[in-house]
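Subject: A structure for you to look at

Hi there,

Here is the structure I promised to pass on to you. Please open it beside this email and follow along as you read.

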Amino acid sequence: MKNKFYQGDDLTPRLLFLLSARLEETIQTVFPLKEGKWLVITKKHKWFLKRYSSLSQLEKQIQLHRFLSNNGFTKVIPFHPISPIKFEKQVFAVMPFIEPSKKPFRFQTKAEREEALQLLALFHQKTENVSEEMASGFHMFDQISVWRKRLTAFQSLLPELVRYFPPAILEHYTDMGKWCLEHVVEQPGDEGKMAVIHGDVAAHNFFRSAAGSLYLIDFDLAARAPALFDYVQWVNRVLPIVGWDVEKIMEHRVLSLYARKKNWLIYTMFPADVFRECRRVMSTSSKEKRIAYQHAYELTVKSFTKRKEFFKKWKREWEKQQG
Ligand SMILES: Nc1ncnc2c1ncn2[C@@H]1O[C@H](COP(=O)(O)OP(=O)(O)O)[C@@H](O)[C@H]1O
Ligand SMILES: [Mg+2]
């Protein structure tokens, strides 16, 4: 095997030997892309190799991919049939390496945002019909409990966070989170049909290929829940990009169905992004802390006035709806 192998992470020559035998292809080069992900170049093809946290985690993703492609959803990158590959208590999967577009997909333009929503809508149209057997492989997603934990984690980090962010602003976000959790209606029963949701609707999990196709990737957080919760995440990711301009978001027709749900306003008001990014600052190593801090500061402090106005406006709207 001609192998200019970069020993990044813990991909060993023995694993490469196994991979080469399973692929029935000669491996020429391996590039570590990021932790647990590699580009494998053989004489014939380019492959994307990814390590998974467990066999069951990977197997349910393989089943979901199979279900989606059997049902005409072509915007997922298929697993190579040699997947899963078990090696020394580790689990890997192989899929074609798709050449990425030079311009990454970022939810920056209205056209990009609409394209992402259309793709999600098509995905849910399929996953609302998965069999009970397949659905049961995915854990039940409980938005309120996830957010309760997120708020609690944020509160427990406050003594450290006040060294990085203005305390009054942190307090304000805590109050916003508490208000949402106090007023959200548990089990409203109108959140829609159960589906498999993607569970991590961030722009980096939409993959634009050099050829122009948009794929939905990375189903590590896929779960069982009404489709609504993927749109809640989408809104949470997009609001900072559109300066918390709600009208801009509601121009997208896909959302109209979900905007009628009882908890919609509250779900979109919860400052999940602030809680997530502040926690990331505290948990990242010194090398990446500066970048994480810049991002969190932008979201938490620089946009505070806009966020406050947005919260006030939608709270008023929510009160109006309550009559
Ligand atoms: N089949 C593929 N071909 C080329 N690049 C890929 C492919 N799958 C994923 N990637 C790239 O690798 C990145 C990480 O993959 P992903 O599955 O999202 O893992 P995670 O987010 O858990 O690190 C993606 O954001 C994408 O840029
Ligand atoms: Mg990802």
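Below is what I found, going from the whole chain down to single residues.

A few ground rules come before the tour. This is a predicted model, in which local features need pLDDT of at least 70, side-chain atom pairs count only at pLDDT 80 or more, and totals for chains, interfaces and linings use all residues. Residues are numbered from 1 along each chain as its sequence is written, chains are lettered from A and ligands numbered from 1 in the order in which they are written, and side-chain values use heavy atoms, with hydrogens and water left out.

**The whole chain**

The chain has 13 helices and 10 strands. Along the principal axes, the C-alpha atoms fill a box of roughly 70 × 45 × 35 Å. Of the 323 residues, 49% count as buried (under 20% relative accessible area; exposed is over 50% and partly exposed in between, with a 1.4 Å probe and protein chains only).

**Two domains**

The chain is divided into domain 1 (4-96) and domain 2 (110-322), with bounds that come from an automatic or database domain assignment. Their centres, taken over C-alpha atoms, are separated by 30 Å. Domain 1 gives 16 residues to the contact and domain 2 gives 20 residues, where contact means heavy atoms within 4.5 Å.

**The cores and helix H7**

A nonpolar core is a set of buried Ala, Val, Leu, Ile, Met, Phe, Trp, Tyr and Cys residues joined through side-chain atoms within 4.5 Å. The largest one has 80 residues, and Phe206, Tyr231, Trp234 and Trp264 have the most contacts inside it. A second, separate core has 16 residues, including Leu11, Leu15, Leu16 and Val94.

Now find helix H7 (residues 228-238): nine of its 11 residues are buried, so the helix is largely enclosed by the rest of the structure. Among the buried ones are Phe229, Tyr231 and Trp234. Leaving aside neighbours within four places in sequence, the contacts of Tyr231 include Leu117, His124, Tyr258 and Trp264.

**Around strand E6**

Strand E6 (residues 90-96) is mostly covered, with six of its seven residues buried. Strands pair if DSSP finds at least two bridges between them. Strand E4 (residues 46-52) pairs with E6 in the antiparallel sense over six bridges, and Leu49 stands opposite Val94. Strand E5 (residues 85-87) also runs antiparallel to E6, joined to it by three bridges; here Lys86 has Val91 as its bridge partner. E5 and E6 form a hairpin with two residues between them, and Glu88 in the turn has a positive phi of about 45°.

**One loop residue**

What does Glu99 touch, not counting residues up to four places away in sequence? Its partners are Lys46, Phe207, Ser209 and Ala210. Glu99 lies in the loop between E6 and helix H3 (110-127), and it counts as partly exposed at 41% relative accessibility. Glu99 and Ala211 are 112 residues apart in sequence but 7.9 Å apart in space, C-alpha to C-alpha.

Enjoy exploring!

How values were computed:
Helix = DSSP H or I, 4+ residues; strand = E, 2+ residues; numbered from the N terminus.
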